[in-house]
Amino acid sequence: MILITGAGGTCGRELLRVMSDAGVIFRAGYSTAAKAEEAQRQGIDAVQADFRQTATLGPALRGIEALFLLCGWSPDPPLIEVNVVRAAKRGRPDIHVKAFTMVEIEHMLVISGKSEDQVFADLRE
């Protein structure tokens with residue numbers, strides 16, 4: 001099963017439609033419980049997956065084999081996306097994660113004020 005985060009946004013909604021049309025089994029992750037509950041009423045396997053509320057991530061990732069990680073607007077998206085990657089690795093320590101581009105890593109350096117070594121250490125965590 002694949003978890004599609006950002007399911008309530010423009011890209012996420014379109015991805016849900018495409019996956020549904022293709023018969024792919026997925027779980028839709030929404031930033032709020034209200035959005036997840038509305039999707040559930042429509043028959044969608046939906047959960048709250050708030051990147052800032054890490055307690056929502058374990059249940060959202062349970063049983064997931066793949067993850068489409070899409071962060072909505074935020075001044076610090078790579079920093080909160082790390083929460084999802086860490087939660088995924090906690091649930092599946094054997095997982096190999098390829099999640100960030102160099103552009104995103106450079107952005108992490110700028111907004112976090114950390115050194116390259118510190119940022120990479122955080123990502124390896």
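1. **Ground rules.** The model is predicted: local features need pLDDT of at least 70, side-chain atom pairs count only at pLDDT 80 or more, and totals for chains, interfaces and linings use all residues. Residues are numbered from 1 along each chain as its sequence is written, and side-chain values use heavy atoms, with hydrogens and water left out.

2. **Confidence.** pLDDT is the predictor's confidence in each residue, from 0 to 100. The protein averages 84, and 89% of the residues score at least 70. Among the elements, helix α2 (residues 33-41) has the highest mean pLDDT, 96. Helix α4 (residues 77-91) has the lowest, 77. Helices (H or I, at least four residues) and strands (E, at least two) are DSSP runs, numbered from the N terminus. Where pLDDT is low, the predicted coordinates should not be read in detail.

3. **Salt bridges.** Side chains of opposite charge can pair when their charged atoms come close. A salt bridge here is a side-chain nitrogen of Lys or Arg within 4 Å of a carboxyl oxygen of Asp or Glu. By this rule, the count is 4.

4. **The pair in helix α2.** Arg-41 and Glu-38 form a salt bridge, 2.9 Å from N to O. They sit 3 residues apart in helix α2, so about one helical turn separates them. Arg-41 is exposed at 61% relative accessibility. Glu-38 is partly exposed at 36%. The cut-offs: buried is under 20% relative accessible area, exposed is over 50%, and partly exposed is in between (1.4 Å probe, protein chains only).

5. Shared partners join Glu-14, Arg-17 and Asp-21 into one salt-bridge network. Arg-17 bridges to Glu-14, with the closest N and O atoms 2.5 Å apart. Both lie in helix α1 (residues 10-22), 3 residues apart. Arg-17 also bridges to Asp-21 at 2.9 Å, N to O. That pair is 4 residues apart in helix α1, about one turn. Arg-17 is partly exposed at 42%, and Glu-14 is partly exposed at 39%. Asp-21 is exposed at 58%.

6. **Arg-27.** Is Arg-27 buried or exposed? Arg-27 is buried, with a relative accessible area of 11%. Its place is in strand β2 (residues 26-30). The Arg-27 side chain reaches the backbone oxygen of Arg-62 at 2.8 Å. Leaving aside neighbours within four places in sequence, Arg-27 is in contact (heavy atoms within 4.5 Å) with residues including Met-1, Leu-3, Asp-45, Val-47, Pro-59 and Ile-64.

Terms used
Polar contact = N/O pair within 3.5 Å; in protein donor to acceptor, adjacent residues only side chain to side chain.
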